[in-house]
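Me: I am new to this structure and would like to learn how to read it. Can we go feature by feature?

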Amino acid sequence: MRESKSNNNESLPTEEVHTPSSQRFLSFTKEAIDNPEEFWNTQAEIITWYKRWEKVLDESNSPFFRWFIGGKLNVSYNAIDRHLLAGKRNNAAYIWVAEDGAEHILTYEGLSQRVNSFAKALLDLGLKKGDVVLIYLPMILELPVAMLAAARIGVVFSVVFSGFGAQAIADRINDSGAKVVITADGGFRRGKIVELKKVVDDALNMTKSVEYVIVVKRTGHEINMVEGRDFWWDQVSNDINAKVKPEVMDSNDPLYILYTSGTTGKPKGVVHGNGGYSVWVANTLKWAFDPKPDDRWWCAADIGWVTGHSYIVFAPLFLGLTSILYEGAIDFPSPDRMWAIIERYKVNILYTSPTAIRMLMKYGDVYPQKHNLDSLRELGTVGEPINPAAWNWYYTVIGKGKCPIIDTYWQTETGGFIISPASYFGFDNLKPGSATFPMPGIDPVILDDSGNEVEPGNKGFLVIRRPWPGLMLTLNKDPDRYKAVYFSKFPGKYQTGDYAVKDEDGYFWLLGRADEVLKVAGHRIGTIEVEDALVGIANIAEAAVFGKPDPIKGDAIISFVTLKSGEVLTPAKINELKQQIRERLGPIMVPEEIHTVRVLPKTRSGKIMRRVVKAVYLNQIPGDITTLEDGASLEEIKTALETFRKEVT
Ligand code: WTA
């Protein structure tokens, strides 16, 4: 199949094309591939090390690649202390904007005080290097503070996105063995309170390892506090003069575990280390966006996902930048919220997702036009492929044709950007919808199913041939799964799980997942994970879950379920069911549509044929159904759909 994407897309008007400066970029990337030892010896100096590494890369236990062998550092020292020593104590680390518009500016000095105070609190609770804490907080300043305080004392942290529910938290506590949970009484979302502490209480009924819960007071509404187990943040973090010496960490000690969806029900605990990860995130932010020291950087993601870890917390703080940290929804209380924040705080670089861009685009141009967006110099996107229409709107209406679009392609596992325009080197011609070229040190190739490189313009699996410093260390407690998922299909090479095309000019075009993973509003969710979670809730017996293309969100979750009682539910009952799912799994996992049927199509060996359900749903020919056990099940799905569609019209 030939898919020459470059010809299908609208190209930029010629006068708006940025001048190519590829020579500098090409020789830099060539050096990274041809001479990695020397290249990384220099680039790793972006981080301050207590002890320099003896060897750049150890491949002896491939595919467990280890970087900067023998190097010692502390991540919180790099994010904070070294800026204080460089005379930047009064610079703002974060401009925090609450959903109700309140603001709080936290300087590097203030960040230092809070991190030291909280690190001391964690030590006082008896935590030590290698212990794990779980963090379940809204987008408030205590979130980066907790992450940095843990990193300061060598405690591994695992942040759980606040849209997940009790079951997800319990699973993550049980997998990581977390001893302490850090949460808040609640968070604000669209003016309403999200009950975070209550969710934690429910989760703790399903776990054993947690000794203490630390609770930030954010909403002030009444919550349950368990004597001896639960403490208010201000109660334990109360010494503003605390000075906690940063723990000297080995480059390959774990820094955090971030759970992400894969193709089984059990989420994968991606483990990132201290050294390689830090070198990678700091350099990639510099190369891709070329931020200037007094820029205001706004990565409008949630810290609960990897984008927030790498590009709200670590990379911008390593570079000593000033970030906007926004608590709420970008279209609340009105659709111009994002543009109002940019104008108010004179943001120079905005980094957001295609879902956000499509949603704001749908509200109309009047909203951005109400605001002066002249401070913007660069615009970034991440999380899903960006369609040319959204790209062009972002470029012309938001960037006024003067801001390049930095479409960064990467994954939780890759630590930071792996394919992205590199504005540090000037611009090569951007093509709307292409993430352009590999970051220095990344060696991507497009392979067919048998591992042969495909011709330019052809679709195939995106695979990375060589290790890079940002690659995860392993999957928590599951090294075999790490090998099997990422390094077995194409032995020794990292399989991204994405389809891509490389065009005749060497540009990469990402075409979406090649597996059962969905991108719902940029959030990564496994269909099988949702199925596993649904079964057992209320009286759901079986579930088939798949993604429906959605013009705003990328994918929408659709599910067909059978109930133990064999019932087919009315719309009112389905809403009740959704509410139960929301409570247990969190809003993020609730399917947009739930259809109850009496039977689901299955193979003779009893496997649910998700692909067939999806095909019937999308009105496509279901393909090979010779292994189908009960042909009547297709009629069931069609009937359920007809009823549903009649009800919604
Ligand atoms: C998708 C998010 C196209 C891709 C940082 C990848 C993208 C998955 C892009 C990882 C992009 C991310 N263009 N697709 N610029 N960025 N993706 O782990 O399918 O939440 O495999 O990390 O998002 O999602 P994750």
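Reply: Start with one term: contact means heavy atoms within 4.5 Å. Keep in mind that this is a predicted model. Now take Gly 512. Leaving out residues up to four places away in sequence, Gly 512 touches Pro 385, Asp 498 and Tyr 499.

Me: Where does Gly 512 lie? Is Gly 512 buried or exposed?

Reply: Gly 512 sits in strand β25, which covers residues 508-513. Buried means under 20% relative accessible area. Gly 512 has 18% relative accessibility, so it counts as buried. For a sense of distance, look at Val 97. Gly 512 and Val 97 are 415 residues apart in sequence, and their C-alpha atoms are 33 Å apart in space.

Me: Let us step back to the whole chain. How many helices and strands does the chain have?

Reply: The chain has 20 helices and 30 strands. Its radius of gyration is 24 Å, close to the 26 Å that the globule rule gives for 649 residues, so the chain is as compact as a globular protein of that length. Along the principal axes, the C-alpha atoms fill a box of roughly 75 × 65 × 60 Å.

Me: What share of the residues is buried? And what share of the contacts joins residues 24 or more positions apart?

Reply: Of the 649 residues, 61% are buried. For contacts, count those with a separation of 6 or more: residues 24 or more positions apart account for 72% of them. The accessible surface comes to about 25100 Å². Carbon and sulfur atoms hold 50% of that surface.

Me: Now charges. How do I read them?

Reply: Side chains of opposite charge can pair when their charged atoms come close. This chain has 74 positive and 81 negative side chains. The centres of the two sets lie 1 Å apart.

Me: How many salt bridges does a search of the whole structure find?

Reply: The search finds 42 salt bridges. One of them joins the side chains of Lys 431 and Asp 505, at 2.7 Å from N to O. Lys 431 is in the loop between β20 (405-408) and β21 (444-447), and Asp 505 is in the loop between β24 (494-502) and β25, so the pair ties together parts that are 74 residues apart in sequence. Lys 431 is buried, at 15% relative accessibility. Asp 505 is exposed, at 51%.

Me: Which residue forms a salt bridge with Arg 610?

Reply: That is Glu 531, with the closest N and O atoms 2.7 Å apart. Arg 610 belongs to helix α19 (residues 610-617) and Glu 531 to helix α17 (residues 527-534), so to speak a link between distant parts of the chain, 79 residues apart. Both Arg 610 and Glu 531 are buried.

Me: What about Glu 593 and Lys 548?

Reply: Their side chains meet in a salt bridge, 3.4 Å from N to O. Glu 593 counts as buried, at 7% relative accessibility. Elsewhere, Lys 197, Asp 201, Arg 229 and Asp 230 are linked in a network of salt bridges.

Me: One last case. Where is Ile 537, and which residues is Ile 537 in contact with?

Reply: Ile 537 is in the loop between α17 and β28. Ile 537 is buried, with a relative accessible area of 3%. Setting aside neighbours within four places in sequence, Ile 537 contacts Gln 580, Ile 581, Arg 584 and Leu 585.

Definitions and conventions
Residues numbered from 1 in each chain as written. Predicted model: local features only at pLDDT ≥ 70, side-chain atom pairs only at ≥ 80, totals over all residues. Heavy atoms only, no water. Helix = DSSP H or I, 4+ residues; strand = E, 2+ residues; numbered from the N terminus. Rg over C-alpha atoms; globule rule 2.2 N^0.38 Å. Buried < 20%, exposed > 50% of the residue type's maximum accessible area, 1.4 Å probe, protein only. Areas by Shrake-Rupley, 256 points an atom, 1.4 Å probe, with all protein chains shown as cover. Lys, Arg positive; Asp, Glu negative; His and termini not counted. Charge placed at Lys NZ, Arg CZ, Asp CG, Glu CD. Salt bridge = Lys/Arg side-chain N within 4 Å of Asp/Glu carboxyl O.
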